[in-house]
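Please keep the sequence and the structure in view while reading.

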Amino acid sequence: MDQKRSTLNLFDNIDLATELRLGLPGTDDQPEIKISISGNKRSSSEIGSSTCKDEEESSFSPPAKEQVVGWPPVRSYRKNILQVKKTELETGSGMYVKVSMDGAPYLRKLDLKMYKSYEELMKGLQEMFKCIIGLYSEREGYNGSQHALTYEDKDGDWMLVGDVPWEMFISSCKRLRIMKSCEARGLGDFL
Amino acid sequence: MPTMDPNRKKSKPVDLVDSVDSRVELTESTRSCPFPDEVLERVLSLIDSHKDRSSVSLVCKDWYNAERWSRRHVFIGNCYSVSPEIVAARFPRIRSVTLKGKPRFSDFNLVPEDWGADVHPWLSVFSSAYPFLEELRLKRMAVSDESLEFLATSFHGFKALSLLSCDGFSTDGLKAIASHCKNLTELDIQENGIDDLGGHWLSCFPESQTSLEVLNFASLNSEVSFDALEKLVSRCKSLRVLKLNRNISLDQLQKLLLHCPQLMELGTGTFMQELISGPVTEFKNMFSNCRKLVTVSGLWDATPLYLPVIYPVCASLTFLNLSYATLQSSELANLLFHCRSLRRLWLLDTVGDKGLEAVGSCCPLLEELRVFPADPFDQEIFLGVTESGFVSVSRGCPKLRHVLYFCRQMTNAAVATIARNCPDFTHFRLCIMNPGQPDYLTKEPMDEAFGAIVKTCTKLQRLAVSGLLTDRTFEYIGQHAKNMETLSVAFAGNSDLGMECVLKGCPKLRKLEIRDCPFGNAALLSGLTKYESMRSLWMSACNVTMNACRMLAKEKPRLNVEVMRDEEGSDDSQAHKVYVYRSVAGPRRDAPPFVLTL
């Protein structure tokens, strides 16, 4: 039975300026994009003023930037070790996904393997982000609460969390996003 | 006895340079000092600090000569500031050399390969001048296997080799050292760009090698023969520092510790056991004989299951390096509960603010804290520590003097509080990882934070700034940082004024390194009279032109003004990377094509 619902219309109304994605699209991992901004005279003053730009939300949001050579100042040796460890962690037994919450400037990472049910996941998220998500219900979706939890599945579609059995969910979930409940309404409407 | 003038001006470079001819012979008629040379030399031989020795050498000719004959250790902070020939001519009886090469920003890939700092010319001269050389400590030097082989075979009494942040060699070079240096007491290999071809080098230590006191191979990846290692450790009864690499498992560590109860510093290796053959209690007494242990590092893969094994030695630890162990806050808290005597602590930011609260509550004697980022390049992730963790530590650890702190958010108010709590800072390096980031609460620049630091912490010697900073920060630094010797600046400032303030206002400034700042020619040239009293200046991705550099070079012939050409060759009138340093050796003769000496 096809459990998926089309979510294509969901993002039409979303202001993409609030979609905080840093770095080039598709580069979730951290390979250094050695686009050096050294030698570019404009760079430093640009950076100085870019954090005060008005085009972003009024709450501070870091401007999109390429990776800068030699910044942060972490020695090559240490960088290599951390990269090895990170790779081990991600290919190991954990199941780490990124979690973003609308309005929060930074993402968090979560190990899905730590949870055994939707309830536990919600609890974990609520603690992490200090918000109330509430449980998904077939009929109401997340209409009862301020926030709704969505996830990006293997095919790149955004779905409401709680739709599918837990096991199916953790095997297809690539990323989580806590949205404002009103914006997630679109998802639930496609019944 | 002539007394030394405490107000001796540092208008001349003092490390090794002065105008006195090192070959001057004294005659009776020029002697002003009543002491025979032998007595004076004997007295002066008790002075270790190279700064004191520099002072001594400036008193008069007698003292200069007595000092140069009695000096056993020479420290060369910039290998291009002097030549090996000059060193050998002035100091005939050196047994130990410390040599530093590349500018510090080479650690962060800002200096191209093949820039220089080759140790070989030094070794060539030393092989004839100092055949009895015993110790060599190198930092940021280019070292080849040939050089290591040359070292191992040319100096028969050679004892101690330390390589930190060097590159160009492989484990084959280490084989040469292990095989030939019969009196080796120290082999300290740290964080180098080494070509790891395997662990066979360790097996090259002959059976007759029993004098090792320091063995550090923690940064090498290949597996060594455990059998060879165990035998080596058991026959070296004076071993006091042993730092193992990640391949050494927990039970192998246990075996090793049985052989060296006298150990003072231990790098534990992985601290994990893949296949649990027995209960954890098997390891419970592993450290019970290590009564002299004061430093522990490594713990690469330590988990809550095995960490408690180390608790019995924690009470006497003074330095704990957890900067490669991904501990969470509770694991750290449980560990630190036992570590009340800690003076130095290095951590990964996985411990979070909660972990730092534990630091504040458990370690009242803490003097040094370094918090490294576990995920420095993933800009989206918010993990790690914030201003709150730093404040917690400052509350519980008023003796903090030395801090390196990587974080993603900070406020002026927090830093002001920290400065009030810890007025004794000598080294303060704060790295807000997002370039140009303001106070995240007030959205203001971080000027007041560093203002608070320089105003309150009068003993500050080293400062690294970050975040959104205007010229104001540098005004504060110039006004207040009177003991500051090293300053690191990135993505900061508005105009030349910033750099000018620092150059004008900081009398003890020795090293200034700047990247990606809008400082230009006026700023560069404002330091015209200052640079000779400094070790070096680095400026990259600023607004400096070639003409200004040429002008500086012309006005100050005792400075080497080097410009590194950008490979893209975008704009030849801009000086993309400038490195200025004083030297008595004249311009470099080994400069690669991309380094222009003006």
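## Aromatic pairs

The count comes to 26 aromatic pairs over all chains. Rings of Phe, Tyr and Trp (its six-membered ring) pair if their centres lie within 6.5 Å; planes under 30 degrees apart are stacked, over 60 edge-to-face, and the rest tilted. The rings of A:Tyr118 and A:Phe169 have centres 5.3 Å apart and planes at 45°, so this pair is tilted. A:Tyr118 lies in helix 3 (residues 118-129) of chain A and A:Phe169 in helix 4 (residues 166-172) of chain A, so the pair ties together parts 51 residues apart in sequence. Helices (H or I, at least four residues) and strands (E, at least two) are DSSP runs, numbered from the N terminus. A:Tyr118 and A:Phe169 are both buried. Buried means under 20% relative accessible area, exposed over 50%, and partly exposed in between (1.4 Å probe, protein chains only).

The rings of B:Tyr80 and B:Trp115 have centres 5.6 Å apart and planes at 75°, so they are edge-to-face. Both residues, B:Tyr80 and B:Trp115, are buried.

## Basis of the model

The model is predicted: local features need pLDDT of at least 70, side-chain atom pairs count only at pLDDT 80 or more, and totals for chains, interfaces and linings use all residues. Residues are numbered from 1 along each chain as its sequence is written, chains are lettered from A and ligands numbered from 1 in the order written, and side-chain values use heavy atoms, without hydrogens and water.

## Charges over rings

The charged end of A:Arg78 sits over the ring of B:Tyr324, 4.3 Å from its centre. The cut-offs are NZ of Lys or CZ of Arg within 6 Å of the ring centre and within 35 degrees of the ring normal. B:Arg344 lies over the face of B:Phe319, 3.9 Å from the ring centre.

## Cysteines

The whole structure holds 0 disulfides (cysteine sulfur pairs within 2.5 Å). For B:Cys236, the nearest cysteine sulfur is that of B:Cys260, 10 Å away. B:Cys236 is buried at 1% relative accessibility. The sulfur of B:Cys542 is 5.2 Å from that of B:Cys517, too far for a bond. B:Cys542 is buried at 6%.

B:Ser540 belongs to strand 20 (residues 536-540) of chain B. It is buried, at 1% relative accessible area.

Helix 17 (residues 496-505) of chain B is mostly covered, with 7 of its 10 residues buried. Among them are B:Met499, B:Cys501 and B:Leu503.
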